Each structure stands twice: as structure tokens, then as C-alpha cells.
Amino acid sequence: MMFLPRAVSVVTILVFTLLSYGNAIRSLPNKLACGGDEARIEFGMSMRFSEAPEYQNGPKCAVLARNGMLLACDPSVVQIAMTIDLEYLRGTVAAVHSVLKHSSCPENVFFHFIASDSSLVDLAELTRIVQSTFPSLSFKVYVFKESIVNNLISSSVRQALENRLNYARSYLADMLEACVKRVIYLDSDVIVVDDIQKLWSVSLSGSRTIGAPEYCHANFTKYFSNEFWSDLEFSEVFAGKRPCYFNTGVMVMDLVRWREGDYTRKIEKWMEIQKERRIYELGSLPPFMLVFGGDVEAIDHRWNQHGLGGDNVVSNCRSLHPGPVSLLHWSGKGKPWARLDARRPCPVDYLWAPYDLYKPHDQPHHHHHRYRKQKQQQLIYSSRAL
């Protein structure tokens, strides 16, 4: 059953009165101390997931061929691209679970997972984990070669923003098969609480290449340095446009127009300038804004309730934005799985917990779920008392 926006708001307010704010503690280190085979053995021992329920199509869904790559090339199939790695694997699994749970046609969704070639976990192991967790899922795992961006990335305000895999979204048009003409890109720290078909059906008007929720009340100038704004050649990129902030963690992308416009190269050009002139601070986001700012299809804000992880330096608790909710996004430093494990969750983290399929190896699985169930029951009883 889908979350109702009013219920989400009530629960969130209730939890804020019950819990103290929590700071994020990452559930996994950026790099494992052990090497090669030992790392893979440790990974297999620690990252285990329960098998998700088998979600089936409704009676009105189109009946499609079940051949994997035929689905990937079918324009009627919802195509979703996500990165997949050791540190955020738990988030990726929860995100996939949420998409399937709320989709009207879950069997007509194809996932394109992008893994780094420097990952301690090889493609075969990642594929095995996804298959065992979602036995009926149609998907493919691709390799992103980090060497492509090694010389293009500059330091950011937070080390996690410098992760090479963050830049894979700029190369989807190159990595995915040429037959894939359109894709929804989702970050690994989201959950979807609405039918993904609705987002897939968004039209990109005119010649627009991407669609995303825009936030025009935000101070757009703060995303670029004084060095940028003082150079007329740089700032002229926005001449005649009304650029607004948008978050690249949720995007509808027309890959045909992307390829025709050679947008990957345009993004790379701004990254090269950044290396020389330091025109921004926030990792992979500013190049997107420089290329697409003022020319983005504005999607309803309900499709990216972002910032739930706090800002990029501090993991502070935040409430939902006003209005209906279709997608929650823990962008920022704090991640829900880390805060829940540390027993210092933010109220909104309990909205992520029902989609978590992770089975901890260092404690009995039922203890983990008993704690989570007790908290959820507290919320239900409290809401009934209103």
C-alpha cells in the first residue's frame, strides 16, 4: 500500500517529538583494510540480504517478452539506472525494493546497475547478490572505468562527493546499449513510495534533454565561486536563461538527445576548467547545472524530497518538505541505514526502514527486526491516539 502524504507528515511530526537528533555514522568504510580475495570473502560474510517478495504485474500491464536485453530495448519498459557499490549497496537494494513494491507493473521495469572497475566486489558477485535478493528482476550490471575521470575530478567539500562513481551518470549514454533511448537515473539513497510509471511518463518538451524537480527559490549563485561570477566568459553561459537549482539524484534523461548534443563532452569541459580555475565546490552537481541550467523540464517536487541526510558537512535531522511525497532522498552526509544501526536515527529514517532487506551477520536477524518493529508500532499507536 502506498504512503499517503498526510500520513507521512503526521508520522514524521510524531517521531520528532520522540527522538533526539542523530549524527551519521557510515555503516561501511570507504575502503577495506584487507586486500583482494580476503576483501571479497569478508564481503560475502557481511553483506547478506533477505529475498524480496515477488511483485507481479497488475491486470492492465502489457505482457512483454521476458528476455532480458529485449526488455532493455523496449521503449514501453521503465528503464532505471543506478550505481551499485560496496558502501551504498544496502541503499541500492532498498531503493529497488521500494520501486517494485509500489509499481503497478513491476515486471516491466529494467534496472541498469553501474559498478566501478576498481570495486573490491567483482561483477559476478554483485550480480549474484541482486539475483538472490530479487530472483525475478530484469537487470544488467555494467562496468564504469574510473580512469575516464581520474584526471578530471577536483577536491570537494566532502570526500564522498569525490567518489568516481558519482560521475557515472554523465556517461550513461555511452555505457548503456544504443537501443536504450530514455532512462530514469536514481541515486542509491532514495526510496520510491509511488508508481514509477508516473515518473516515466513525464514528457520532455521541446529539445530538453533532462527533467528534474527544480528549486528556483534557492540562491543559485552560491553554487559557484567568485572566480566564476567575476569572469564574464563563464557567467555568460546563463545569459538569457533563468537557471534554477536541481538535484541530479533523480533525473529523467533522453539519451538520444544526449548523444546528439554530445553532453558528456560538455560536462567534461567544465570539469577541466574547474581543475584550473576552481569555479565550484560541490563535486558532480555543478557541471550539470552549467550545461543544463535554465533548460530543465521541471518535474513536480514530490519526486525528489531531497536533503533528508542533512547538509554536506553535518548529518542533521530534517523534516519533509510541505506537500505530497512520491520519492524520499537522503542526499547529504547522513544515510538512514547508518543512523538506524547506530540507534541514533532521524524521524524520517523510519520511513526508509520497511524497505531494508539487509541481514546483519553480527547479531541475530530477528533482533534487528524486533527493534525496528517496536519503533514502527510506537508510531502506529501514537498516530491512532490523535
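Residues are numbered from 1 along each chain as its sequence is written. Because the model is predicted, local features need pLDDT of at least 70 and side-chain atom pairs count only at pLDDT 80 or more, while totals for chains, interfaces and linings use all residues, and side-chain values use heavy atoms, with hydrogens and water left out. The mean pLDDT (the predictor's confidence in each residue, from 0 to 100) of the protein is 82, and 78% of its residues reach 70 or more. Over residues 1-42 the pLDDT stays under 50, and the model has 78 contacts beyond four places in sequence for this stretch, a contact being heavy atoms within 4.5 Å. Residues 363-371 also have pLDDT below 50, with 13 contacts in the model beyond near neighbours in sequence. Where pLDDT is low, the predicted coordinates should not be read in detail.

The protein contains 15 helices and 13 strands, where helices (H or I, at least four residues) and strands (E, at least two) are DSSP runs numbered from the N terminus. Of its 386 residues, 53% count as buried; buried denotes under 20% relative accessible area, exposed over 50%, and partly exposed in between (1.4 Å probe, protein chains only). Among contacts with a separation of 6 or more, 76% join residues 24 or more positions apart.

Strand S2 (residues 78-83) is largely enclosed by the rest of the structure, because 6 of its 6 residues are buried. Val-78, Ile-80 and Met-82 are buried on one side of S2, and Gln-79, Ala-81 and Thr-83 are buried on the other. S2 runs parallel to S3, to which it is joined by 6 bridges, and Ala-81 stands opposite His-112 of S3. Together with helix H4 (residues 89-102), S2 and S3 make a right-handed β-α-β unit; right-handed means that, with the strands pointing away from the viewer, the path from the first strand over the helix to the second runs clockwise. S2 is also joined by 2 bridges to strand S5 (residues 182-186), again in the parallel sense, and Ile-184 of S5 is the bridge partner of Ile-80.

S5 and S10 run antiparallel and are joined by 5 bridges, with Asp-254 of S10 as the bridge partner of Arg-182. Since 5 of the 5 residues of strand S10 (residues 250-254) are buried, S10 is largely enclosed by the rest of the structure. Val-250, Val-252 and Asp-254 point one way from S10, whereas Met-251 and Met-253 point the other way. Strand S7 (residues 210-212) is joined to S10 by 2 bridges in the antiparallel sense, and Gly-211 stands opposite Val-252.

The largest nonpolar core has 48 residues, and those with the most contacts inside it are Ile-114, Leu-172, Leu-176, Phe-224, Met-253, Trp-258 and Phe-292; such a core is a set of buried Ala, Val, Leu, Ile, Met, Phe, Trp, Tyr and Cys residues joined through side-chain atoms within 4.5 Å. Helix H12 (residues 285-292) provides the largest share of this core, 6 residues. A second, separate core of 42 residues includes Val-96, Leu-100, Ile-196 and Trp-303.

H12 is mostly covered, with 8 of its 8 residues buried. These buried residues pack against S7, H8, strand S9 (245-246), S10, helix H10 (255-261) and helix H11 (263-277). Leaving aside neighbours within four places in sequence, Phe-292 is in contact with Thr-209, Ile-210, Phe-246, Trp-258, Tyr-263 and Ile-267. H12 is followed by Gly-294, which has a positive phi near 85 degrees.

Technical notes: Two strands pair if DSSP finds at least two bridges between them.
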